[in-house]
Amino acid sequence: MHSIEDRQINPTAIDKTLFTARFINGFWDRWLAHGVEKQDLFEIRPTLTCKENWINGWYRLAIDKKKQADFLKQQEMLEQAEYMYRIAGLYFNLMYWIFPQRGPEKERWFRECFSAIQQADTLSAYVTTYISFELDGCLCKGRLRMPQHPKGCVVMVNPLDSSKEELITYELDFVRSGFATVSFDGPGQGETYLMNGIKGNRQRWIQFVNKVIESSCHSTQNLPIYLFGTSSGASWAIYGSQHPKVRKTVAVSPALPTDKVRLPDYFTERMNEVLEGADFLPSLEMLPKDRRILLFHGGQDVMVTDQDIYGLKEQLVHSQLVEYEEEGHCCNFKLHEIRQLSAQWFMED
């Protein structure tokens, strides 16, 4: 337990996260893109002065969303109720995400998050299956959503500081476009880290990416496999593109190894809890150059420079590049459009 005086001298990762959340607008781009409602954020943001306020504020909003979902369900407005349960799940997700370390409180809020997402799944027109595979003696947990007559399977390779329950809009866009979706928490991520303590490192993620692809082939009875990733997930999606089962890959703002970018302190400290060693990202230098890859890049990205993305495109001979001049890292405010473009591109021969 840290005293107030200790935390003023040596702020914890949570203290740094709260400070960033209150004063840096860009912190929220990701969460707004993933479903947080602007009015809720406007209301709660000035109150986020301590962990207790974060927990109480998001809890109140999550419960309100659940009540709205219950009402919509009673009115048999099932699609709207499903979405509202997913927003409740996202707000519970924010509650367990704030804790970088494993522990009872983090687990408690994860279970609330999982429960809300499960309620949404039961109302969905698309069948959801909870799947897993073993890695280093631990279970990696994932979810498979299946439309009728799927065109293929989009495997979402999620960035490190995220979870499968956070990326609800990714699932919705692809499944509504007629694709099965697979989303796993890998080493150092979400449920897999929380329940097993398994941390991320480069070698473990090489195994993880290969197993996700093979598991997806098996679970979908050999549907064509497409990969979609953002940030560090995009880098691992490019790495996974060399797998013979992968037909095409989309990479949004792929993070590249560099010592030129200084990451935010709160993010660096969070990563120290879930990573082993400094070299987490894959080496992309020796990959086959003929893989079909669609790259997306934001012109205002401070983590991936124009020079870096142009160099990567040149290296990946058959890649294509789409740029959004006004977007930053992960092109957060163009993600819906990017997923629509990706779904179209997957179907082009």
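**Exercise 1.** Determine how far apart the closest N and O atoms of Glu37 and Lys65 are, and state which parts of the chain the pair ties together.

*Solution.* Step 1: Glu37 and Lys65 form a salt bridge, with 3.2 Å between the closest N and O atoms. A salt bridge here is a side-chain nitrogen of Lys or Arg within 4 Å of a carboxyl oxygen of Asp or Glu.
Step 1: Glu37 belongs to the loop between α3 (29–33) and α4 (38–44), and Lys65 to helix α5 (residues 51–74), so the pair ties together parts that are 28 residues apart in sequence. Helices (H or I, at least four residues) and strands (E, at least two) are DSSP runs, numbered from the N terminus.
Step 2: Lys65 counts as buried at 3% relative accessibility, whereas Glu37, at 29%, counts as partly exposed. Buried means under 20% relative accessible area, exposed over 50%, and partly exposed in between (1.4 Å probe, protein chains only).

The model is predicted: local features need pLDDT of at least 70, side-chain atom pairs count only at pLDDT 80 or more, and totals for chains, interfaces and linings use all residues. Residues are numbered from 1 along each chain as its sequence is written, and side-chain values use heavy atoms, with hydrogens and water left out.

**Exercise 2.** Are Arg86 and Asp121 buried or exposed, and which network do they join?

*Solution.* Step 1: A salt bridge of 2.9 Å, N to O, connects the side chains of Arg86 and Asp121. This pair links distant parts of the chain, with Arg86 in helix α6 (residues 78–97) and Asp121 in helix α7 (residues 104–123), 35 residues apart.
Step 1: Arg86 is buried, its relative accessible area being 1%; Asp121 also counts as buried, at 7%.
Step 2: Through salt bridges that share partners, Glu82, Arg86, Asp121, Arg143, Arg145 and Glu171 are joined into one network. The search of the whole structure finds 23 salt bridges.

**Exercise 3.** Describe the salt bridge between Lys164 and Asp185.

*Solution.* Step 1: The N-to-O distance in this salt bridge is 2.8 Å.
Step 1: Lys164 lies in the loop between β3 (153–157) and α8 (168–176), and Asp185 in the loop between β4 (180–184) and α9 (190–196), 21 residues apart.
Step 2: Lys164 counts as buried at 3% relative accessibility, and Asp185 is buried at 0%.

**Exercise 4.** Give the strand order of the open sheet and identify the strands at its edges.

*Solution.* Step 1: The order of the 8 strands is β1-β2-β4-β3-β5-β6-β7-β8, with mixed pairing. Two strands pair if DSSP finds at least two bridges between them.
Step 1: The edges are β1 (127–135) and β8 (320–324); each has a single partner strand, so one side of each is left without a neighbour in the sheet.
Step 2: β3 and β4 run parallel and are joined by 4 bridges. Met156 has Ser183 in β4 as its bridge partner.
Step 3: Helix α11 (residues 232–240) packs on the sheet and touches β3, β5 (225–230), β6 (246–252) and β7 (293–298). Contact means heavy atoms within 4.5 Å.

**Exercise 5.** Which residues form a nonpolar surface patch with Phe19?

*Solution.* Step 1: Phe19 is part of helix α2 (residues 13–23) and counts as exposed at 52% relative accessibility.
Step 1: Phe23 and Ile24 complete the nonpolar patch, and the accessible area of the three together is about 320 Å² (Shrake-Rupley method, 1.4 Å probe; for residues, only the protein chains shown count as cover). Patches are made of residues with over 30% relative accessible area and no salt bridge, like charges being joined within 9 Å and nonpolar side chains (Val, Leu, Ile, Met, Phe, Trp, Tyr) within 5 Å.

How values were computed
Axes are lines fitted to C-alpha atoms, for helices over the stretch in contact, and angles run from 0 to 180 degrees between N-to-C directions.
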